[in-house]
Amino acid sequence: PDEARALKERIAALLHERNAVLVAHYYVDPDIQDLALETGGCVGDSLEMARFGASHPARMLVVAGVRFMGESAKILCPDKTVLMPDLEAECSLDLGCPEDEFSAFCDQHPDRTVVVYANTSAAVKARADWVVTSSVALEIVTHLKERGEKLIWGPDRHLGDYIRRQTGADMLLWQGSCIVHDEFKAEELLALKAEHPDAIVLVHPESPASVVEMADVVGSTSKLLKAAVERPEQTFIVATDQGILHEMRKQAPHKTFLAAPTAGNGGTCKSCAFCPWMAMNGLVGIHDALRHGHNEILLDSALGQAARKPLERMLDFAE
Ligand code: 13P
Ligand code: SF4
(Lines give C-alpha, C1' and ligand atoms only; values in the text may rest on other atoms or scores of the structure.)
(Ligands and ions follow the chains in the order given, each with its own letter.)
Protein backbone atom coordinates (compact mmCIF):
# COMPACT_ATOMS: atom_id res chain seq x y z
CA PRO A 1 0.00 0.00 0.00
CA ASP A 2 2.87 2.41 0.78
CA GLU A 3 4.38 1.76 -2.61
CA ALA A 4 1.04 2.39 -4.34
CA ARG A 5 0.60 5.58 -2.33
CA ALA A 6 4.07 6.82 -3.28
CA LEU A 7 3.39 6.01 -6.94
CA LYS A 8 0.09 7.85 -6.82
CA GLU A 9 1.83 10.89 -5.36
CA ARG A 10 4.42 10.84 -8.13
CA ILE A 11 1.67 10.55 -10.75
CA ALA A 12 -0.24 13.45 -9.18
CA ALA A 13 2.91 15.59 -9.36
CA LEU A 14 3.56 14.59 -12.98
CA LEU A 15 -0.04 15.35 -13.97
CA HIS A 16 0.43 18.82 -12.53
CA GLU A 17 3.83 19.34 -14.16
CA ARG A 18 2.66 18.22 -17.59
CA ASN A 19 -0.66 20.09 -17.47
CA ALA A 20 -2.36 16.73 -17.82
CA VAL A 21 -5.57 15.17 -16.55
CA LEU A 22 -6.50 11.54 -15.94
CA VAL A 23 -9.67 10.27 -17.63
CA ALA A 24 -10.67 6.80 -16.43
CA HIS A 25 -13.39 4.27 -17.12
CA TYR A 26 -15.38 2.57 -14.34
CA TYR A 27 -13.89 -0.80 -15.29
CA VAL A 28 -10.25 0.04 -14.53
CA ASP A 29 -8.45 -0.74 -11.28
CA PRO A 30 -10.02 0.98 -8.21
CA ASP A 31 -6.71 2.71 -7.40
CA ILE A 32 -6.78 4.40 -10.80
CA GLN A 33 -10.42 5.40 -10.43
CA ASP A 34 -9.68 6.97 -7.03
CA LEU A 35 -6.58 8.73 -8.36
CA ALA A 36 -8.52 10.21 -11.26
CA LEU A 37 -11.06 11.70 -8.86
CA GLU A 38 -8.43 12.87 -6.36
CA THR A 39 -6.49 14.73 -9.05
CA GLY A 40 -9.42 16.54 -10.67
CA GLY A 41 -9.89 14.07 -13.52
CA CYS A 42 -12.93 11.96 -14.20
CA VAL A 43 -14.27 8.44 -13.90
CA GLY A 44 -17.13 7.79 -16.24
CA ASP A 45 -18.79 5.76 -18.93
CA SER A 46 -17.45 6.10 -22.45
CA LEU A 47 -19.66 9.10 -23.30
CA GLU A 48 -18.69 10.98 -20.14
CA MET A 49 -15.00 10.28 -20.75
CA ALA A 50 -15.23 11.70 -24.28
CA ARG A 51 -17.11 14.76 -23.06
CA PHE A 52 -14.81 15.40 -20.14
CA GLY A 53 -11.65 15.15 -22.22
CA ALA A 54 -13.04 17.44 -24.91
CA SER A 55 -14.11 20.16 -22.51
CA HIS A 56 -11.18 20.09 -20.06
CA PRO A 57 -8.52 22.80 -20.56
CA ALA A 58 -5.52 20.48 -19.90
CA ARG A 59 -3.15 20.10 -22.85
CA MET A 60 -2.57 16.43 -22.17
CA LEU A 61 -5.08 13.62 -21.53
CA VAL A 62 -4.10 10.33 -19.95
CA VAL A 63 -6.85 7.90 -20.85
CA ALA A 64 -7.14 4.83 -18.62
CA GLY A 65 -9.46 2.53 -20.49
CA VAL A 66 -9.20 0.78 -23.83
CA ARG A 67 -7.81 1.92 -27.12
CA PHE A 68 -11.02 3.20 -28.68
CA MET A 69 -11.43 5.56 -25.73
CA GLY A 70 -7.96 7.01 -26.29
CA GLU A 71 -8.70 7.32 -30.00
CA SER A 72 -12.01 9.05 -29.36
CA ALA A 73 -10.18 11.54 -27.14
CA LYS A 74 -7.64 12.21 -29.89
CA ILE A 75 -10.34 12.53 -32.56
CA LEU A 76 -12.16 15.13 -30.47
CA CYS A 77 -8.99 16.91 -29.29
CA PRO A 78 -6.43 16.70 -32.10
CA ASP A 79 -4.33 19.43 -30.52
CA LYS A 80 -3.99 17.67 -27.19
CA THR A 81 -1.45 14.96 -26.45
CA VAL A 82 -3.29 11.75 -25.58
CA LEU A 83 -1.39 9.05 -23.69
CA MET A 84 -2.51 5.63 -22.52
CA PRO A 85 -1.00 3.32 -19.91
CA ASP A 86 -0.94 0.48 -22.45
CA LEU A 87 -1.64 0.76 -26.17
CA GLU A 88 -2.39 -2.97 -26.39
CA ALA A 89 -5.57 -2.51 -24.35
CA GLU A 90 -8.04 -3.50 -27.02
CA CYS A 91 -11.73 -4.42 -27.13
CA SER A 92 -13.29 -7.50 -28.71
CA LEU A 93 -15.90 -5.32 -30.42
CA ASP A 94 -13.25 -3.18 -32.07
CA LEU A 95 -11.13 -6.22 -33.01
CA GLY A 96 -14.17 -7.99 -34.46
CA CYS A 97 -15.03 -5.15 -36.80
CA PRO A 98 -12.18 -4.54 -39.27
CA GLU A 99 -12.70 -1.44 -41.37
CA ASP A 100 -12.38 -3.13 -44.77
CA GLU A 101 -14.98 -5.79 -43.99
CA PHE A 102 -17.33 -3.34 -42.33
CA SER A 103 -17.04 -0.92 -45.25
CA ALA A 104 -17.84 -3.71 -47.70
CA PHE A 105 -20.95 -4.53 -45.63
CA CYS A 106 -22.00 -0.86 -45.73
CA ASP A 107 -21.34 -0.68 -49.48
CA GLN A 108 -23.83 -3.48 -50.03
CA HIS A 109 -26.57 -1.30 -48.46
CA PRO A 110 -25.97 2.25 -49.67
CA ASP A 111 -29.51 3.32 -48.76
CA ARG A 112 -28.92 2.72 -45.04
CA THR A 113 -27.65 5.15 -42.41
CA VAL A 114 -24.56 3.73 -40.71
CA VAL A 115 -24.62 3.81 -36.91
CA VAL A 116 -21.59 2.51 -35.04
CA TYR A 117 -20.95 1.96 -31.39
CA ALA A 118 -18.09 3.98 -29.88
CA ASN A 119 -16.23 0.68 -29.32
CA THR A 120 -14.70 0.83 -32.81
CA SER A 121 -11.53 2.06 -34.50
CA ALA A 122 -11.19 5.58 -35.88
CA ALA A 123 -11.38 4.09 -39.40
CA VAL A 124 -14.75 2.45 -38.70
CA LYS A 125 -16.05 5.66 -37.13
CA ALA A 126 -14.95 7.54 -40.24
CA ARG A 127 -17.18 5.23 -42.31
CA ALA A 128 -20.22 5.98 -40.11
CA ASP A 129 -22.93 8.61 -40.17
CA TRP A 130 -23.40 8.41 -36.40
CA VAL A 131 -21.38 7.18 -33.46
CA VAL A 132 -23.34 6.19 -30.35
CA THR A 133 -22.53 4.89 -26.88
CA SER A 134 -24.80 2.71 -24.80
CA SER A 135 -26.07 5.75 -22.91
CA VAL A 136 -27.54 7.47 -25.98
CA ALA A 137 -28.06 4.66 -28.50
CA LEU A 138 -31.75 4.27 -27.76
CA GLU A 139 -32.52 7.98 -28.14
CA ILE A 140 -30.49 8.36 -31.33
CA VAL A 141 -31.99 5.30 -33.03
CA THR A 142 -35.49 6.45 -32.00
CA HIS A 143 -34.72 9.81 -33.63
CA LEU A 144 -33.44 8.17 -36.82
CA LYS A 145 -36.42 5.86 -37.01
CA GLU A 146 -38.78 8.83 -36.68
CA ARG A 147 -36.97 10.36 -39.66
CA GLY A 148 -37.81 7.20 -41.62
CA GLU A 149 -34.20 6.02 -41.88
CA LYS A 150 -33.18 2.39 -42.22
CA LEU A 151 -29.97 1.50 -40.43
CA ILE A 152 -26.80 -0.52 -40.45
CA TRP A 153 -25.69 -1.15 -36.88
CA GLY A 154 -22.26 -2.27 -35.76
CA PRO A 155 -20.57 -3.95 -34.10
CA ASP A 156 -22.36 -5.20 -30.94
CA ARG A 157 -25.14 -7.61 -31.88
CA HIS A 158 -26.67 -7.77 -28.40
CA LEU A 159 -26.91 -4.01 -27.98
CA GLY A 160 -28.16 -3.74 -31.57
CA ASP A 161 -30.77 -6.41 -30.98
CA TYR A 162 -31.90 -4.70 -27.76
CA ILE A 163 -32.24 -1.33 -29.51
CA ARG A 164 -34.06 -2.94 -32.42
CA ARG A 165 -36.55 -4.62 -30.08
CA GLN A 166 -37.07 -1.41 -28.11
CA THR A 167 -37.54 0.89 -31.09
CA GLY A 168 -38.81 -1.39 -33.88
CA ALA A 169 -36.25 0.29 -36.17
CA ASP A 170 -35.16 -1.47 -39.37
CA MET A 171 -31.56 -2.41 -38.49
CA LEU A 172 -29.06 -4.75 -40.12
CA LEU A 173 -26.69 -5.95 -37.43
CA TRP A 174 -22.96 -6.64 -37.53
CA GLN A 175 -22.34 -9.77 -35.46
CA GLY A 176 -19.77 -8.59 -32.91
CA SER A 177 -19.87 -9.08 -29.16
CA CYS A 178 -18.12 -8.15 -25.95
CA ILE A 179 -16.26 -11.12 -24.48
CA VAL A 180 -17.15 -9.98 -20.96
CA HIS A 181 -20.89 -9.28 -21.24
CA ASP A 182 -21.51 -12.17 -23.63
CA GLU A 183 -20.71 -14.53 -20.74
CA PHE A 184 -23.60 -13.63 -18.44
CA LYS A 185 -25.99 -16.57 -18.10
CA ALA A 186 -29.76 -16.29 -17.70
CA GLU A 187 -30.35 -19.63 -16.00
CA GLU A 188 -27.76 -18.98 -13.27
CA LEU A 189 -29.07 -15.44 -12.90
CA LEU A 190 -32.55 -16.82 -12.33
CA ALA A 191 -31.19 -19.05 -9.55
CA LEU A 192 -29.36 -16.10 -7.91
CA LYS A 193 -32.55 -14.04 -8.14
CA ALA A 194 -34.47 -16.82 -6.41
CA GLU A 195 -31.98 -16.63 -3.52
CA HIS A 196 -32.42 -12.85 -3.34
CA PRO A 197 -36.03 -12.21 -4.30
CA ASP A 198 -35.89 -8.51 -3.34
CA ALA A 199 -32.77 -7.79 -5.40
CA ILE A 200 -32.85 -5.40 -8.32
CA VAL A 201 -31.12 -6.66 -11.47
CA LEU A 202 -28.90 -4.15 -13.30
CA VAL A 203 -27.78 -5.18 -16.80
CA HIS A 204 -25.51 -3.59 -19.39
CA PRO A 205 -27.11 -4.03 -22.84
CA GLU A 206 -24.02 -5.70 -24.30
CA SER A 207 -25.36 -8.80 -22.51
CA PRO A 208 -27.40 -11.53 -24.26
CA ALA A 209 -31.14 -10.92 -24.73
CA SER A 210 -32.06 -13.69 -22.25
CA VAL A 211 -30.18 -11.76 -19.53
CA VAL A 212 -31.41 -8.31 -20.62
CA GLU A 213 -34.99 -9.61 -20.38
CA MET A 214 -34.50 -10.30 -16.68
CA ALA A 215 -33.27 -6.78 -15.92
CA ASP A 216 -35.02 -4.17 -13.82
CA VAL A 217 -32.67 -1.55 -15.24
CA VAL A 218 -30.82 -1.75 -18.58
CA GLY A 219 -28.20 0.85 -19.39
CA SER A 220 -24.67 2.18 -19.65
CA THR A 221 -22.31 1.87 -16.71
CA SER A 222 -23.28 5.35 -15.50
CA LYS A 223 -26.98 4.59 -15.70
CA LEU A 224 -26.49 1.40 -13.68
CA LEU A 225 -24.45 3.29 -11.08
CA LYS A 226 -27.15 5.95 -10.78
CA ALA A 227 -29.84 3.30 -10.29
CA ALA A 228 -27.71 1.54 -7.65
CA VAL A 229 -27.31 4.76 -5.69
CA GLU A 230 -30.77 6.28 -6.13
CA ARG A 231 -33.13 3.32 -5.89
CA PRO A 232 -34.40 2.53 -2.41
CA GLU A 233 -33.78 -1.23 -2.61
CA GLN A 234 -30.86 -2.66 -0.63
CA THR A 235 -29.61 -5.53 -2.81
CA PHE A 236 -28.49 -5.36 -6.43
CA ILE A 237 -27.34 -8.02 -8.87
CA VAL A 238 -24.99 -6.41 -11.34
CA ALA A 239 -24.43 -7.75 -14.86
CA THR A 240 -21.51 -5.72 -16.16
CA ASP A 241 -17.73 -5.67 -15.59
CA GLN A 242 -17.06 -5.97 -11.87
CA GLY A 243 -14.90 -2.85 -11.94
CA ILE A 244 -18.11 -0.84 -11.49
CA LEU A 245 -18.68 -2.40 -8.05
CA HIS A 246 -15.95 -0.17 -6.59
CA GLU A 247 -17.84 3.05 -7.28
CA MET A 248 -21.19 1.47 -6.39
CA ARG A 249 -19.86 0.42 -2.98
CA LYS A 250 -18.25 3.82 -2.47
CA GLN A 251 -21.43 5.72 -3.26
CA ALA A 252 -23.81 3.30 -1.52
CA PRO A 253 -21.73 1.67 1.25
CA HIS A 254 -24.68 0.16 3.10
CA LYS A 255 -26.12 -1.67 0.13
CA THR A 256 -25.24 -5.17 -1.07
CA PHE A 257 -23.92 -5.67 -4.58
CA LEU A 258 -23.69 -9.14 -6.07
CA ALA A 259 -21.90 -9.94 -9.33
CA ALA A 260 -24.21 -11.57 -11.85
CA PRO A 261 -23.22 -15.14 -12.73
CA THR A 262 -21.09 -15.86 -15.75
CA ALA A 263 -20.54 -19.38 -17.09
CA GLY A 264 -20.01 -21.49 -14.01
CA ASN A 265 -19.01 -18.77 -11.55
CA GLY A 266 -22.14 -18.97 -9.45
CA GLY A 267 -21.81 -15.25 -8.89
CA THR A 268 -18.74 -15.50 -6.71
CA CYS A 269 -15.84 -15.82 -9.14
CA LYS A 270 -13.51 -12.88 -8.69
CA SER A 271 -11.80 -13.24 -12.02
CA CYS A 272 -14.97 -13.48 -14.11
CA ALA A 273 -16.60 -10.45 -15.69
CA PHE A 274 -13.36 -8.54 -15.63
CA CYS A 275 -12.29 -7.19 -18.99
CA PRO A 276 -8.72 -8.40 -19.61
CA TRP A 277 -7.93 -5.29 -21.64
CA MET A 278 -9.21 -2.91 -18.99
CA ALA A 279 -7.01 -4.83 -16.54
CA MET A 280 -3.93 -3.83 -18.56
CA ASN A 281 -4.22 -0.34 -17.10
CA GLY A 282 -1.94 0.04 -14.09
CA LEU A 283 -0.39 2.80 -11.99
CA VAL A 284 3.08 1.97 -13.32
CA GLY A 285 1.86 2.35 -16.91
CA ILE A 286 0.32 5.71 -16.11
CA HIS A 287 3.47 6.86 -14.38
CA ASP A 288 5.74 5.76 -17.23
CA ALA A 289 3.51 7.24 -19.91
CA LEU A 290 3.56 10.59 -18.14
CA ARG A 291 7.23 10.51 -17.24
CA HIS A 292 8.53 9.48 -20.65
CA GLY A 293 5.69 10.48 -22.99
CA HIS A 294 5.19 6.78 -23.81
CA ASN A 295 2.15 5.34 -25.55
CA GLU A 296 0.91 8.39 -27.36
CA ILE A 297 -2.17 7.99 -29.54
CA LEU A 298 -1.28 9.24 -33.01
CA LEU A 299 -3.88 9.56 -35.74
CA ASP A 300 -3.71 10.56 -39.34
CA SER A 301 -5.32 14.01 -39.38
CA ALA A 302 -7.62 13.36 -42.38
CA LEU A 303 -8.84 10.17 -40.72
CA GLY A 304 -9.31 12.01 -37.43
CA GLN A 305 -11.36 14.71 -39.15
CA ALA A 306 -13.56 12.17 -40.90
CA ALA A 307 -14.16 10.28 -37.64
CA ARG A 308 -14.89 13.50 -35.78
CA LYS A 309 -18.10 14.32 -37.66
CA PRO A 310 -20.19 11.33 -36.50
CA LEU A 311 -18.70 11.54 -33.01
CA GLU A 312 -19.57 15.23 -32.66
CA ARG A 313 -23.02 14.54 -34.04
CA MET A 314 -23.55 12.26 -31.05
CA LEU A 315 -22.18 14.79 -28.55
CA ASP A 316 -24.39 17.55 -30.00
CA PHE A 317 -27.42 15.27 -29.87
CA ALA A 318 -26.69 14.19 -26.30
CA GLU A 319 -26.34 17.73 -24.93
P1 13P B 1 -20.18 2.32 -21.43
O2 13P B 1 -20.56 3.21 -22.54
O3 13P B 1 -21.29 1.94 -20.53
O4 13P B 1 -19.00 2.89 -20.72
O5 13P B 1 -19.71 0.92 -22.03
C6 13P B 1 -18.64 0.88 -22.87
C7 13P B 1 -17.90 -0.32 -22.61
O8 13P B 1 -18.26 -1.38 -22.97
C9 13P B 1 -16.69 -0.20 -21.89
O10 13P B 1 -16.02 -1.34 -22.00
FE1 SF4 C 1 -14.69 -4.12 -24.98
FE2 SF4 C 1 -16.21 -5.61 -23.45
FE3 SF4 C 1 -13.82 -4.94 -22.60
FE4 SF4 C 1 -15.75 -3.10 -22.80
S5 SF4 C 1 -15.72 -4.84 -21.43
S6 SF4 C 1 -13.65 -2.88 -23.48
S7 SF4 C 1 -16.87 -3.81 -24.56
S8 SF4 C 1 -14.27 -6.22 -24.36
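This is a predicted model: local features need pLDDT of at least 70, side-chain atom pairs count only at pLDDT 80 or more; totals for chains, interfaces and linings use all residues.
**Domains.** I began with the division of the chain. Domain 1 takes 2-89 + 278-299, domain 2 takes 93-173 and domain 3 takes 181-259. For domain 2 and domain 3 I looked up the separation of the C-alpha centres, which is 26 Å. In the contact I found eight residues from domain 2 and 13 residues from domain 3. On the side of domain 2 that touches domain 3, I noted two nonpolar, four polar and two charged residues.

**Sheet.** Next I followed an open sheet of four strands, whose order is S2-S1-S3-S4 and whose pairing is parallel. I then checked strand S3 (residues 60-64), which runs parallel to S4 and is joined to S4 by three bridges. Opposite Leu61 I found Val82 in S4. Helix H4 (residues 67-76) lies across S1 (20-25), S3 and S4, and I noted its direction as about 160° to S3.

**Ligand 1.** I listed the residues that surround ligand 1: His25, Tyr27, Asp45, Ser46, Asn119, Thr133, Ser134, Ser135, Glu206, Ser220 and Thr221. Sorted by class, this shell holds one nonpolar, eight polar and two charged residues.

**Ligand 2.** Around ligand 2 I found 13 residues, of which Val66, Cys91, Cys178, Val180 and Cys275 come nearest. The shell of ligand 2 has nine nonpolar, two polar and two charged residues.

**Backbone.** I looked up the peptide bond from Gly154 to Pro155 and noted that it is cis, with omega near -10°. Pro155 sits in the loop between strand S7 (151-154) and helix H9 (157-167).

I then turned to positive phi values. Asn19 has a phi of about 55° although it is not a glycine, and its place is the loop between helix H1 (2-17) and S1. I counted Asn19 as exposed because 12 other C-beta atoms lie within 10 Å, and the cut-off for exposed is 12 or fewer.

Asn295, also a residue other than glycine, has a positive phi near 60°. I located Asn295 in the loop between helix H14 (283-292) and helix H15 (301-318). I counted Asn295 as buried because 21 other C-beta atoms lie within 10 Å, and buried requires 20 or more.

Conventions:
Residues are numbered from 1 along each chain as its sequence is written. Chains are lettered from A and ligands numbered from 1 in the order in which they are written. A residue is near a molecule or strand if its C-beta atom, placed from the backbone, lies within 6 Å of it. Ala, Val, Leu, Ile, Met, Phe, Trp, Tyr, Cys and Pro count as nonpolar, Asp, Glu, Lys and Arg as charged, and the others, Gly among them, as polar. Two strands pair if DSSP finds at least two bridges between them. Helices (H or I, at least four residues) and strands (E, at least two) are DSSP runs, numbered from the N terminus. Two residues are in contact if their C-beta atoms, placed from the backbone, lie within 7 Å. Axes are lines fitted to C-alpha atoms, for helices over the stretch in contact, and angles run from 0 to 180 degrees between N-to-C directions. Domain bounds come from an automatic or database domain assignment.
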